[in-house]
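Student: I would like to go through this structure with you. Could we begin with the terms?

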Amino acid sequence: MSPRPRSRSRSLKIPDNKQIALLIDPDDTWGRSVIQGIASAVRNVLPWSLWIAPRDQQWRLRVPRNWQGDGIIAAIRDDKTADHVSGLDLPTVNVSSWEKDYPDCYRVKTNDTRRAEMAFSHFRERSFSHFAYYGPPSQRYSQSRGDYFQDVVQAAGFACDTFRSKTTTREKSSIQERTLRWLQQAPRPLAIFAADPHSGVLLTEVCSAVGFRVPEEIAILVGDTDDLLCNISAPPLSSIVLASEQIGMTSVRILESLLKGKKVKSKVHALPPLHVIERQSSEMLAIDDPLLVDALRFIRVQAHTGIQVNDVLQTVPISRRSLEQRFRQLLNCTPADEIRRIKIERVKQLLISTDKTVEQIAASSGFCSPGQLCFAFRKHIGQTPIEFRRSIRAG
């Protein structure tokens, strides 16, 4: 028997990858989405090794001082984390909305003005005229988020109340007591823009405890989306969907440029939010006209099926002339305008959240043909459907 050939020895070859730490908490939908965007931008494209959410013994997002890394993408939300990252002296991109800026730190965040405008539009489409912002003390969002909403509301000619805490305590029972006193003095029906899902859940808990009806007396929309919190809330919370994955992708492009020694034109990149998910907490129409409410609800449920104004008239016992007069008086539009608006909104959501073709979207949005969809979309949005999708996904 001939001797068995010797196996060749194999040496472990460690790839010469860039070591990037992601100091982003993956425990909520926003953090996971940002990390997913980063991973998608890096995968099979960049020679990066990602260290996801490293923590110290106190469970804080930290990397060891002796870590031989190349760059950091972090959600910096407090001074201690900022000092930690600054002490590492590495190219850094901050993806949080924290107010303080460090001179060598680039930032990618949500455009807060656009978020406030989206929240206000959501409530005005439901004919609310009393508005408020709710943002208890938290490191999860900047305190100026309420200022942006207040500015947008006041610019439209309305007043906006704001829940402002006189203390920085985050003790839940104390916040609940102050929230209750605040709500008892507020006009109703009231449209409240809550800073995030955590504050939205707290708000619904207070309303439930004292018998305030949501959304009949108090409608709630939260400024971010957390799938778990928004859906288990009682009632489920309407929320704004942020361009979280695009934030992650944009942070990769900026950090890649910094690592290559290239100049980045802007220190701050603000990406617009994507759309609103309407859940039970804001599905009310603040109109004291039962027939008009019935007509609007029918339009919102059936617009994607291709209904016409005649179909609405078969649902509500009212003449066409009277229906159009009520629409113009209370909503400043016609029933046909509202049908078209709901269809366009559905198209926008499908363009953002799916990869369906224009033909498929036309068929599921109530348009007779892709051509009709493209004509209406360009007329009302100023872009073709494909241009709109590309601009959203490019941030």
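Tutor: Buried means under 20% relative accessible area, exposed over 50%, and partly exposed in between, with a 1.4 Å probe and protein chains only. Helices (H or I, at least four residues) and strands (E, at least two) are DSSP runs, numbered from the N terminus. This is a predicted model, in which local features need pLDDT of at least 70 and side-chain atom pairs count only at pLDDT 80 or more, while totals for chains, interfaces and linings use all residues. Residues are numbered from 1 along each chain as its sequence is written, and side-chain values use heavy atoms, with hydrogens and water left out.

Student: Which residues of helix α2 are buried?

Tutor: In α2, residues 79-88, they are Thr81, Ala82, His84, Val85 and Leu88. Seen down the axis of α2, these buried residues fall within an arc of 160 degrees, so they line one face of the helix. The arc is that of the directions from the helix axis to the C-beta atoms.

Student: What do the buried residues of α2 pack against?

Tutor: They pack against β1 (18-23), β3 (71-74) and β4 (92-94); contact means heavy atoms within 4.5 Å.

Student: And which residue caps the N-terminal end of α2?

Tutor: Aspartate 78 does, with a side-chain oxygen 3.1 Å from the backbone nitrogen of lysine 80. A polar contact is a pair of N or O atoms within 3.5 Å; within protein, one must be able to donate a hydrogen and the other to accept it, and residues adjacent in sequence count only if both atoms are side-chain atoms. After α2 comes aspartate 89, whose phi is positive, near 55 degrees.

Student: Turning to the sheet, in what order do the strands lie?

Tutor: The 6 strands form an open, parallel sheet in the order β2-β1-β3-β4-β5-β11. Two strands pair if DSSP finds at least two bridges between them. β2 (48-52) and β11 (268-271) stand at the edges with a single partner strand each, so one side of each has no neighbour in the sheet.

Student: How many bridges join β1 to β3?

Tutor: There are 4, and the two strands run parallel. Isoleucine 20 has glycine 71 in β3 as its bridge partner.

Student: One more topic: where is serine 365?

Tutor: Serine 365 is in the loop between α13 (358-363) and α14 (370-381).

Student: Is serine 365 buried or exposed?

Tutor: Serine 365 is buried, at a relative accessible area of 0%. A polar atom of its side chain lies 2.7 Å from the backbone oxygen of isoleucine 361.
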